[in-house]
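Hi,

Here is the structure I promised to send over.

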Amino acid sequence: MRAHPRIGLTELARLLGVARGTVQARVDKLVARGVIGDFGPTIVPAEMGYPILAFVSLQISQGRLAEAVQALASVPEIIEVYGTSGQADLLCRVVAQSTAHLQEIIARVLASPAVQRTDTTIALSTQVPYRIEPLLHAAAHPDAI
């Protein structure tokens, strides 16, 4: 389905050599288990005018994680936030229109009293794009590794 995101269940069933109902039941089961998270299109921020991709690590004031997360959620250019272990408490994936715009976003983040410090890394290029197929193959064939 990742290789052909517009494929219908009937066509998928034909390719797999199984009944359409079998494919539907399996997809429904994977959705219910949370294995399939969405069916939406992949949006490319660079093509929307946000060519800068940065990863911003945040150190949060003690006991103010929820406040920090709420502040980050209000910034549309922050497209993902993860809780992390190590020196940083949160890792943000941020897109920006320019380096000046990125600086404005970071200033907005630092305006929150919940955020003590940031550390920013700008991505220069994608060396291995998001992929899931190798993991699916490894999980289906654990002895092949």
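The radius of gyration of the protein is 20 Å, whereas a compact globule of 145 residues would come out near 15 Å (taken over C-alpha atoms, with the globule rule being 2.2 Å times the number of residues to the power 0.38). Along the principal axes, the C-alpha atoms fill a box of roughly 55 × 35 × 30 Å.

Before you read on: this is a predicted model, where local features need pLDDT of at least 70 and side-chain atom pairs count only at pLDDT 80 or more, while totals for chains, interfaces and linings use all residues. Numbering runs from 1 along each chain as its sequence is written, and side-chain values use heavy atoms, with hydrogens and water left out.

On secondary structure, there are 5 helices and 4 strands, in the order α-α-β-α-β-β-α-β-α along the sequence. These are DSSP runs numbered from the N terminus: helices are H or I with at least four residues, strands are E with at least two.

Buried residues come to 23% of the 145 (buried is under 20% relative accessible area, exposed over 50%, partly exposed in between; 1.4 Å probe, protein chains only). Of the contacts with a separation of 6 or more, 61% are between residues 24 or more positions apart; contact here is heavy atoms within 4.5 Å.

Now the inside. The largest nonpolar core has 19 residues, and Leu58, Leu72, Ile78, Cys92, Val94 and Leu102 have the most contacts within it. (A nonpolar core is a set of buried Ala, Val, Leu, Ile, Met, Phe, Trp, Tyr and Cys residues joined through side-chain atoms within 4.5 Å.) At least two of its residues come from each of strand S1 (52-60), helix H3 (65-73), strand S3 (90-96) and helix H4 (99-110). S1 gives the largest share, 5 residues. There is also a second, separate core of 7 residues, with Leu9, Val27, Leu30 and Ile36 among them.

Take leucine 72 as an example: beyond its neighbours within four places in sequence, it touches Leu58, Ile78, Val81, Leu90, Cys92 and Val109.

Why does serine 61 count as buried? Because its relative accessibility is 14%. Leaving aside neighbours within four places in sequence, serine 61 is in contact with Pro113, Ala114 and Gln116.

Cheers
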